[in-house]
Amino acid sequence: MPKVKRVGHLVLNVKDLDASTKFYTDIIGFDIAVERPGFGNFFTCGKIHHDLALFQAKPGVQEVVDGGLGLNHMALQVEDWDMLQAFYTHLNAKGVEIARTTDHSMTKSIYLKDPDGNGIELFCNSFDTAEEGLAEMKRPGRKNGELVFA
């Protein structure tokens, strides 16, 4: 069977392209790769051409609904625990509502919503290698816990 190499990028349709662009640059920290006014903007983490794109949705589209069909959340990896802590401080300083924080044991995560209600998970790995993380994910009895920031 053919295999996918990796997820290449994510494209979201958004109600207000300017507001969403401000959120993904000022709050999440993406850099703008290309702006296409009236159509959409493309964003990068700095290593490839684009990791995320935001397209202007048509007027009158249905709102994002928690638990509805489609995207539950996107997971954006940060460098390490120190960076996740910096994000926690940054989000609070910017007045961004944090939905929850979770220690998955193989990752540590902060969950929030973008201006359209799309779920975002900011996470860091808890193990040095992908193999260790996968082994932890498969470990019988593994449970999630609350992640507490000092």
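The model is a predicted one.

In soluble globular proteins, nonpolar side chains tend to be buried together. Here the largest nonpolar core comprises 25 residues, and those touching the most other members are Tyr24, Ile28, Leu54, Leu84, Leu112, Ile120 and Leu122. Several elements supply at least two residues each to this core: the helices α1 (17-27) and α2 (81-93), together with the strands β1 (10-14), β4 (52-56), β5 (73-77), β7 (107-113) and β8 (119-125). The greatest contribution comes from α1, which gives 4 residues.

Side chains of opposite charge can pair when their charged atoms come close. The structure contains 5 salt bridges. In one of them, Glu63 and Lys15 meet through their side chains, with a distance of 2.3 Å from N to O. This pair connects distant parts of the chain, since Glu63 belongs to the loop between β4 and β5 and Lys15 to the loop between β1 and α1, 48 residues apart. Glu63 is partly exposed, at a relative accessible area of 45%, and Lys15 is likewise partly exposed, at 47%.

A further salt bridge joins Asp66 to Lys113, whose closest N and O atoms are 2.6 Å apart. Distant parts of the chain are linked here as well: Asp66 lies in the loop between β4 and β5, while Lys113 is in strand β7, 47 residues away. Asp66 counts as exposed because its relative accessibility is 60%, above the 50% limit. Lys113, in turn, counts as partly exposed at 35% relative accessibility. Asp103 and Lys108 also form a salt bridge, with N and O 3.8 Å apart; Asp103 counts as partly exposed at 23% relative accessibility.

Strand β7 also holds Ser109. With a relative accessible area of 0%, Ser109 falls under the 20% limit and is therefore buried. The side chain of Ser109 makes a polar contact of 2.6 Å with that of Glu121. Not counting residues up to four places away in sequence, Ser109 touches Leu84, Arg100, Thr101, Thr102, His104, Glu121, Leu122, Phe123 and Leu147.

Definitions and conventions. Residues are numbered from 1 along each chain as its sequence is written. This is a predicted model: local features need pLDDT of at least 70, side-chain atom pairs count only at pLDDT 80 or more; totals for chains, interfaces and linings use all residues. Side-chain values use heavy atoms; hydrogens and water are left out. A nonpolar core is a set of buried Ala, Val, Leu, Ile, Met, Phe, Trp, Tyr and Cys residues joined through side-chain atoms within 4.5 Å. Buried means under 20% relative accessible area, exposed over 50%, partly exposed in between (1.4 Å probe, protein chains only). A salt bridge is a side-chain nitrogen of Lys or Arg within 4 Å of a carboxyl oxygen of Asp or Glu. A polar contact is a pair of N or O atoms within 3.5 Å; within protein, one must be able to donate a hydrogen and the other to accept it, and residues adjacent in sequence count only if both atoms are side-chain atoms. Contact means heavy atoms within 4.5 Å.
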